[in-house]
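Colleague: I would like to go through this model with you, starting with how its parts touch. Please give the cut-offs as we go.

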Amino acid sequence: MKGKKKRLAVLVDLRKCIGCDACSLACKSENDVPLGVWRTWVKKVEKGQYPHSKEFFLPILCNNCENPICVTVCPVNAGIKRPDGIVYIDPHRCIGCRYCMASCPYGVRYIHPRRKIAEKCYWCHHRVDAGLEPACVQACPTDALLFGDMNDPESEISKVAAENAIQVIKPESGTDPHTFYIALDIDSVEAIKSEDK
Amino acid sequence: MKNGFAWIAGTAVSFGSTGKAATDKQIDAVSRTSLKSLRAIPTTCEQCPAGCGVIAYLDGEKLVQILGNPNHPNNQGGICAKGIAGINLVNDPERLLHPLKRVGARGSGNWQKISWDEAYTTLSNRIQDMLKSGRIAEFIVDMGQDDPLLARFLDSLGTPHLINRNILNNRNRNAAIAEMVGSSSLIEDVGRSRTILNFGTNPFSNHDLFIGIARRLVLARIEKGARLTTFDVRMSETAANSDTWYPVKAGTDGIVALAMANVIMRRDLANSDFIEKQTDLSVSSLKQLLSPYSPEMAERESGVKAADIVRLAVEFATQKPSVAIFGGGITDHLNGTENARCVSLLNWIVGNLEKKGGLFFPRLPGHKGATEKPPPNALSGLSRTSKGITEIKEANGRIDTYFAYFSNPVFSEPDCQSTARQLKNEKNVRFLVVMDTHLTETGMLADIVLPAATYLEGWGLRHAPSLDLVPIVNIKQPAVSLLSAATALRSPDFTVGKLLDPFFRPKGEAVEIGNVCLELARRIKGNVIKKLPFQNTQEFVSKHMSSLLGPGTQEGMEDLKKKGFWIDQGINKDSDPSLKDTIDLSKSPKVRIKSQTMDQSPLPGYQALESHKLKEKNEFILTSFKSTLTGKGMANSKWAREIFHENQLWMNKKIANQMGIQNNDKVRVTSITGSLTVRVLTTHRIHPESVALAEGFGHTAVGNVAKNKRFKSTDRDTILIWWNKKGNGVNPMEIIERKTDPVGGGLGSKDTVVRIEKLS
């Protein structure tokens, strides 16, 4: 750890993503996510004119931001940011008021259809605490998803992040997101933004 | 024994000393709710032919997660959506769990529960009758999935008719490769290539070695800087992730490859040493053969620019190692075999056989003295398999009993409506038995349906080809319904020994096909039982394995169960040439570019498809494609259907707009065999002369999820199906013509010309 605090992060290498949806399904089974809502999904964006067209795949998951606005707005203090950076919702406190959903710039939260409380991706912290990687990272067949401690210069994720240009979605929101992307296509991000409206 | 830790201890490795591709990562996981360790059972996935090593995780008795086996040399921990959806297959509330007998007319859909005993008696009596009167050829077995015990059972019966779907799916490809090199498959070493030309295969979504090859392609491209170029009529997932995509007119890939080969030969960039020594043609005769195929001619036929062809050809011949790979997109045509031979020619002229980053013969496991040999290759089955009931009827074959195992021809065969008519006619097919996990469209027409165990509920061995040239054997062991010790004690057939062994029962009354064959053999007796002297599938697997491993088996079997696979580090390596890491090509037969058996065209050449010359403006060539989220075992998967629940007709945006068709408009698609109404997806990702439809939609049976219906069940999710208003797509097989490539004998299922009319 080199004396520094842990800061967990996910790095998505979009050059390696083949749009196979393994992450979406691994998450559904790991976290028992009901139909109609997702914690992680793969956005597919078409771009360009034939024959110079292209399709982009963009896996979306919670950014577990450094300044999580969802935690700030929660009226019952159900949103909690752990020291290692994971943001999660205490299911015993949440009253399902949707403030956090309205505040989240990424739209990654949903109301569980049966429990009526807010839920989202928390990088499978039950697995992380047991020394494992999140289910989506473990499932990814092409190693497009990386998980690790950004503050540890020896971790694979820091090494890859140091060697490549990395971006985040909507940096202007000021939340300091910690799901990073390599080769993030600006138009794919625009496509998400236009969907929000 | 506690169920807690099932991870592989570092000391458990007992095989080999080098550990070439073997890693020893832990495979444990924790429960999300109780934070207790989950029980991890390594096994082999059978959702597609790739045979990836997977680990099934159980919370108590319930299957909760399936992830890739990080130690498996092929998939190296990767898994696809199909593999994870195995959970849906096992836990599906709509699974077929009891043997059923038809009541009323065939196809009326009224069923009566029967006992397995009755089902066995009926079937064994029919088989005995056929054996006695010498009519065993009237027993048709339609296999959607290979099983070693089923294969043995059929062998012991003599010569029943076989319809082997795994062979049929790749028939043109296998025929072409077998003709040239004797083995029906070759391993494409894409992970170590620098230049990869991909003709019509989609390894990022659907491939016979799916995850293993996709992973190696991606890593070669991103981490080692390989160039991947894809030729396809539509932008497949692979094309989207290639360096360049060349949309090519359907069925013309052959001439592109020939023109490239011509450029390489003309510029003297070919490996003439390999051509002279290892192929049956000389450099000069090859030059002569290729001289008519100029890049300009290829441009006129295919639409790929001549300059691009020349550039790619030079790159292919100089930026080595290079490899040309191909798949269904070019072989499922009436000139499919020819296309495959043309693309292979590219590999031969640069000398790509048994070379790093090129092509390799598959390495098979097992020492020389082994009595249980892995099946040599699909070649032996190639001549024995019929294409389908239509072809059997055309050859005036009589059918007494038609047994379909994990096969659904009424849904998945081209021109499936005529198949349905044939199977429905009781004069044609006197007795129809279907064994599957669900009540499929074919099952609806059956006289008896039998509940099959899923791959997570049975024993088996698979000899999947290894991508790293280390022979491997995968074990399939039951993960689900491993009974607890307490339940085992209460069981009527309890013996003390069973406490030591995993003792399991598939869900409901489902049974493994192997056990069905063994029980039938016991009832038929005679010659049949002599060849199947096993109590159950587990005994068969351990005997088979001990024969492969040689002495010291007990330890080996236990280790295999813990690891899920076995790497053959070369027992008696010298005695069996197929085990050697390097094959001495000078001692093996030459590559036969000139065919001895394909009389129609002894030399590879380009055959233009007459039917593809479109006459009207509203005519298109229909391509069907497979997605990761559809296919065998996926039809009723709620998670897969949630993402992909309706197949829209892909149409080039420009052309569609010229015809006044907008995105989501409804159109009628008509071919000779029928017509469909479908919504259009206008896109820039398809060739203007082609339209594309995904396979695996438009189910009328299987289950409510497959039919996109919301319903109440023991699974709380099914009431949440939100895409029920959208319809469940169309089955492209209804309008695809049943035509055969005369050279290879495979189906030309991507050659149907359709007319498109806008519906107001």
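Colleague: How many residues of domain 1 of chain B are in contact with domain 2 of chain B?
Modeller: This is a predicted model, in which local features need pLDDT of at least 70 and side-chain atom pairs count only at pLDDT 80 or more, while totals for chains, interfaces and linings use all residues. Residues are numbered from 1 along each chain as its sequence is written, with chains lettered from A and ligands numbered from 1 in the order in which they are written. Domain 1 of chain B covers 39–95 + 455–573 and domain 2 covers 100–169 + 378–451, with bounds from an automatic or database domain assignment. Contact requires C-beta atoms, placed from the backbone, within 7 Å; domain 2 of chain B brings 21 residues and domain 1 of chain B brings 25.

Colleague: Which helix gives the most to that side of domain 1 of chain B?
Modeller: Helices H22 (513–524), H23 (526–531) and H24 (537–549) of chain B each supply at least two residues there. Helices (H or I, at least four residues) and strands (E, at least two) are DSSP runs, numbered from the N terminus. With 9 residues, the most is given by H22(B).

Colleague: And between the chains, which element of chain A has the largest share of the side that touches chain B?
Modeller: The contact takes 36 residues from chain A and 45 from chain B. On the side of chain A, helix H1 (22–31), strand E3 (54–60), helix H4 (125–129) and helix H5 (135–139) each supply at least two residues. The largest share is 8 residues, from H1(A).

Colleague: Which strands stand at the edges of the open sheet of 4 strands in chain A?
Modeller: The order is E8-E1-E10-E9 (chain A), with mixed pairing, where two strands pair if DSSP finds at least two bridges between them. E9(A) and strand E10 (residues 179–182) of chain A are antiparallel and joined by 2 bridges, and Ile166(A) has Ile182(A) as its bridge partner in E10(A). Each edge strand has a single partner, so one side is left without a neighbour in the sheet; these are E8 (145–149) and E9 (166–167) of chain A.

Colleague: At what angle to E8(A) does helix H6 of chain A run?
Modeller: Helix H6 (residues 156–163) of chain A lies across E1 (8–13), E8, E9 and E10 of chain A. Axes are lines fitted to C-alpha atoms, for helices over the stretch in contact, and angles run from 0 to 180 degrees between N-to-C directions. The angle to E8(A) is about 115°.

Colleague: Is Ala226(B) buried or exposed?
Modeller: Ala226(B) sits in the loop between helix H7 (210–223) and strand E10 (227–232) of chain B. A residue is buried if 20 or more other C-beta atoms, placed from the backbone, lie within 10 Å of its own, exposed if 12 or fewer, and partly exposed in between. Ala226(B) has 25 C-beta neighbours inside 10 Å, so Ala226(B) counts as buried.

Technical notes: Two residues are in contact if their C-beta atoms, placed from the backbone, lie within 7 Å.
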